[in-house]
Amino acid sequence: MELAEHISRWRFLGQEFLTWVWFRSDQGDGSLELEGLGQVEIWLENQVTLESEEEDRIERVSCSGQNPGLREARFALAQGKKVTKARFRMSLGEDEWSFGWEAGRLSFQSMRLPAGPAELKEDPDGVFFERLKLLERALEVLDALFSMFLSLRVSPAWEKEEFPALAEWIRQGAFFSKEAQR
Amino acid sequence: MGFMKGAVSFSRFVVDGGIPPNYKEDFPGRIRRFGFRELDEHSDQERSVGWVEMMDPLDSEFQGEGFFKEGYMALGLRVDTRVVPAKVLRQHSLLAQREAAKREGLKFLTKERREEITEQVRWKLLRRTIPKSFSYEVVWNLKAGSILLASVQPAVCDLFAQHFQKTFGLKAVPLHPYEMILRQIGEKQGALEELSRLRAWEFQGE
């Protein structure tokens with residue numbers, strides 16, 4: 001199978017993953033315990049793009065704003081649209097990152113890293129290693145998150161517990177939006 | 001903006017296979033050999049792709065070995081492209097065809113002759129076109145075999161993978177969801193088969 005076919009075939013998993021991260025971040029205090037990494041907080045920041053495809057016709061909705069619930073986006077999700085891009089913020093210990101994530105290739109857009117020590121500013125190699133360390137740290141966490149999703153997605157717990165809860169959360173999105181329109 | 005400063009947009013790759021044990025002696029020559037070369041203004045070459053210093057896209061000489069950074073390799077991938085805009089080509093080509101028909105005393109030119117003229121015009125215009133130049137940072141974690149490329153454009157990702165393989169004889173595989181699955185489940189018996197049965201979740205919209 002060619003690369004483009006692989007990406008297209010498995011795009012749904014990237015879309016489901018981003019939706020699941022959004023769902024999980026909306027539950028309780030939004031924190032997750034990742035094995036060997038500790039407590040991670042991740043939440044949808046203020047931008048999300050969703051798409052639906054019917055008879056080769058793509059309909060796209062981009063939502064951004066200060067409303068933390070992004071109700072219009074939740075409504076679009078309830079209408080059956082899929083998340084194709086989303087911007088998240090993540091914190092681990094004292095460090096915080098923000099980044100846009102694209103579902104098809106899981107590439108990163110405009111990732112902002114935690115500020116490094118001020119004394120490194122005059123040392124280009126110091127800056128390089130410090131920033132790489134912070135970047136790889138974020139990727140380690142996000143890979144662990146993907147791994148967690150994947151294990152869950154193929155386990156019996158997905159059909160039994162996780163997906164019903166997620167589907168209920170999606171349905172609630174439609175309800176919130178209708179309430180807001182009244 | 002990039003790995004050294006500000007916000008960074010990037011794609012991930014993994015290297016298939018290990019690096020040779022003598023990479024410190026082997027890689028510098030390969031990098032210089034596949035370093036960036038300016039587009040030859042007397043040729044009809046439309047694109048030039050090659051390595052440059054990560055922090056200086058104008059430097060493809062690599063005097064030292066600053067690209068080795070304690071377990072990492074830091075490079076820039078420079079891509080220069082020159083293209084004659086289609087509209088300009090059409091206009092100049094039409095003019096040249098009219099002149100040729102007049103000169104040769106013909107009412108119509110054959111399709112082959114028109115194509116020949118268009119190609120000549122394209123080449124003439126191409127030599128007068130100023131190339132667009134972009135440089136993309138590349139950071140290779142030599143131990144982990146992972147690469148970060150400061151671009152999210154699929155076309156740039158493809159160019160990078162091709163040039164990387166040409167240079168190092170190693171395959172840089174884009175780390176998209178399927179590749180992540182393969183790397184996570186490894187050789188686990190039956191796991192891939194189980195995953196290949198996965199279909200998108202069905203959710204009935206309200």
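This is a predicted model: local features need pLDDT of at least 70, side-chain atom pairs count only at pLDDT 80 or more; totals for chains, interfaces and linings use all residues.
**Figure 1. Overall make-up of chain B.** Six helices and seven strands make up the secondary structure of chain B. Read from the N terminus, these elements follow the order β-α-β-β-β-α-α-β-β-α-β-α-α. The radius of gyration of chain B is 24 Å, whereas the globule rule gives 17 Å for 206 residues, so chain B is more spread out than a compact globule. Along the principal axes, its C-alpha atoms fill a box of roughly 75 × 60 × 35 Å. Of the 206 residues of chain B, 25% count as buried. Among the contacts in chain B with a separation of 6 or more, 66% are made by residues 24 or more positions apart.

**Figure 2. The side of chain B that touches chain A.** The contact between the chains draws 27 residues from chain B and 35 residues from chain A. On the chain B side, the elements that give two or more residues are β1 (8–16), β4 (72–81), α5 (177–185) and α6 (191–196). Helix α5(B) supplies the largest share of this side, with five residues. Sorted by class, the side of chain B that touches chain A holds 19 nonpolar, five polar and three charged residues.

**Figure 3. Strand pairing across the two chains.** Strand β6 of chain A, residues 108–112, is joined to β1(B) by two bridges, and the two strands run antiparallel. Within this pairing, A:Phe108 stands opposite B:Phe10 of β1(B). Strand β1(B) is also among the elements that give two or more residues to the side of chain B touching chain A.

**Figure 4. The hairpin of β4 and β5 in chain A.** Strand β4 of chain A (residues 82–92) and strand β5 of chain A (residues 95–102) run antiparallel and are joined by eight bridges. One residue pair to locate in this view is A:Ser91 with A:Glu96, the latter in β5(A), which stand opposite each other. Two residues lie between the strands of this hairpin, and A:Gly93 in the turn has a positive phi of about 60°.

**Figure 5. The hairpin of β5 and β6 in chain A.** Three bridges pair β5(A) with β6(A) in the antiparallel sense. The bridge partner of A:Ser98 is A:Arg112, which belongs to β6(A). Five residues lie between the strands of this hairpin, where A:Leu106 takes a positive phi near 50°. Strand β6(A) is also joined to β1(B), by two bridges.

Figure 6. Most residues other than glycine have a negative phi. A:Leu106 is not a glycine, yet its phi is positive, at about 50°. This residue is placed in the loop between β5 and β6 of chain A. A:Leu106 is buried, because 23 other C-beta atoms lie within 10 Å, and 20 or more are needed to count as buried. A:Ser110 is likewise not a glycine and has a positive phi, of about 45°. Its place is in strand β6 of chain A. With 15 other C-beta atoms within 10 Å, A:Ser110 is partly exposed.

**Figure 7. Helix α1 of chain A and its kink.** Helix α1 of chain A covers residues 3–25. At 1.5 Å a residue, its 23 residues should span 33 Å, and the end C-alpha atoms are 31 Å apart, which agrees. A kink of about 45° in α1(A) is centred on A:Trp10.

**Figure 8. Helix α2 of chain A and the glycine after it.** Helix α2 of chain A (residues 71–78) is mostly covered, with six of its eight residues buried. The buried residues are A:Ala73, A:Arg74, A:Phe75, A:Ala76, A:Leu77 and A:Ala78. Just after α2(A), A:Gly80 takes a positive phi of about 100°.

**Figure 9. The loop of chain B that holds B:Glu104.** B:Glu104 lies in the loop between α2 (86–103) and α3 (111–128) of chain B. B:Glu104 counts as exposed, because it has 9 C-beta neighbours inside 10 Å, and a residue with 12 or fewer is exposed. From B:Glu104 to B:Asp40 the C-alpha to C-alpha distance is 33 Å, and the two residues are 64 residues apart in sequence.

Definitions and conventions:
Residues are numbered from 1 along each chain as its sequence is written. Chains are lettered from A and ligands numbered from 1 in the order in which they are written. Two residues are in contact if their C-beta atoms, placed from the backbone, lie within 7 Å. Helices (H or I, at least four residues) and strands (E, at least two) are DSSP runs, numbered from the N terminus. Ala, Val, Leu, Ile, Met, Phe, Trp, Tyr, Cys and Pro count as nonpolar, Asp, Glu, Lys and Arg as charged, and the others, Gly among them, as polar. Two strands pair if DSSP finds at least two bridges between them. The expected span of a helix is 1.5 Å times one less than its number of residues. The bend at a residue is the angle between axes fitted to the seven residues ending there and the seven starting there. The radius of gyration is taken over C-alpha atoms; the globule rule is 2.2 Å times the number of residues to the power 0.38.
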